Amino acid sequence: MRGQLDGVVAVVTGASGGLGEHFARLLAREGAAVALTARRADRIAAIAEDLARGGTRAIAVPLDVADAHAIGPAFDRIQEALGPIGVLVNNAGVGGEGLALDLSVEAFDNTFAVNVRGTYFAAVEAARRMIAAGVSGRIVNIASIASHTVLPGLSAYCGSKAAAAMLTKSLAREWARKGIAVNALCPGYIETDINAEWFRTEGGQKQIRGFPRRRLMEPTDLDAALLMLAGPAAGSITGSVITIDDGQSLPGGG
Ligand code: NAP
């Protein structure tokens, strides 16, 4: 069976669990060769082995995106193993929790180092290689409804995701004639390690009851949009910041 990403090499950052693992498996199902990156080397290795057993060309390359200088060499390793990178899903992210009055400088810096600087330099290193290889590249930045909606108690996270949305547009403009589409997805709340603890609390349950549809989303709710932005359809979509949130950020939600 042919998938819409047959012959494409896709890189997913933060692929050791949660949405990143889901995206890696989704891209593999559509025929892509997949490079999984994250800090937890054992987890990405196990997922890559599982994908390989299913017939996907998959490798695991440990990478801390907060170490911007490590991104280029990691992408070189990926290209040596799988060929030119065609898709980057910039998914690695941290919650950056903490009320502003309590947030340490270190926690703030880490949020921006991963969610903003890591996203930016992973996009740059991917684009550099796409341009050199003459590939029509696709970069999908995983932002959040926090890009445009205040999530109470998450000021650093909101700031970082707003930055991720704007750098999506800026880079899309810069690379518009280089054949690279740069877009962002803004998901609503989906239960993963980033928020599971919160949704077990009474406050978290109350928040869910406040959403227009009184529920969290599922990772599969993002599949159609992710595949659209990673695939041929994005030939004429660039600089778009697309919210997929089950209505959670509509007035009266959240
Ligand atoms: P998660 O389960 O906590 O996954 C986060 C991923 O990011 C992990 O694979 C983690 O891998 C990786 N990561 C964290 N710091 C990293 C670093 N310095 N270098 C490389 N990888 C790093 O959370 P998730 O919900 O799947 O989040 C994935 C993305 O979706 C994030 O950008 C998040 O902001 C965004 N998002 C999530 C939701 C939601 O409701 N879940 C909603 C909107 C947006 P290692 O720890 O192995 O490095």
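Modeller: Begin with the polar contact, which is a pair of N or O atoms within 3.5 Å. This is a predicted model, in which local features need pLDDT of at least 70, side-chain atom pairs count only at pLDDT 80 or more, and totals for chains, interfaces and linings use all residues. Residues are numbered from 1 along each chain as its sequence is written, and side-chain values use heavy atoms, with hydrogens and water left out.

Biologist: Which atom of Leu19 lies 2.8 Å from an oxygen atom of the ligand?

Modeller: A backbone N or O atom of Leu19 does. For Thr192 a polar side-chain atom is 2.5 Å from a ligand oxygen, and for Ile194 a backbone N or O atom is 3.5 Å from one. Of the 880 Å² of accessible area that the ligand has on its own, the protein covers 95% (Shrake-Rupley method, 1.4 Å probe).

Biologist: How many residues surround the ligand?

Modeller: A residue is near a molecule if one of its heavy atoms lies within 4 Å of it. Here 30 residues surround the ligand, with Ser16, Arg39, Tyr157, Ile190 and Thr192 the closest. Helix 1 (18-29) and helix 5 (155-174) each give at least two residues to this shell; helices are DSSP runs (H or I, at least four residues), numbered from the N terminus.

Biologist: Where does the ligand sit?

Modeller: On a 1 Å grid over the protein atoms alone, a pocket is an open set of points where a 1.4 Å probe fits, with protein on both sides within 12 Å along at least five of seven lines; lining residues have an atom within 4 Å of a point. The ligand sits in the largest pocket (more than half of its atoms lie within 2 Å of the grid points). The lining has 43 residues, and Gly93, Val94, Gly95, Thr192 and Ile194 lie nearest the pocket centre.

Key
Polar contact = N/O pair within 3.5 Å; in protein donor to acceptor, adjacent residues only side chain to side chain.
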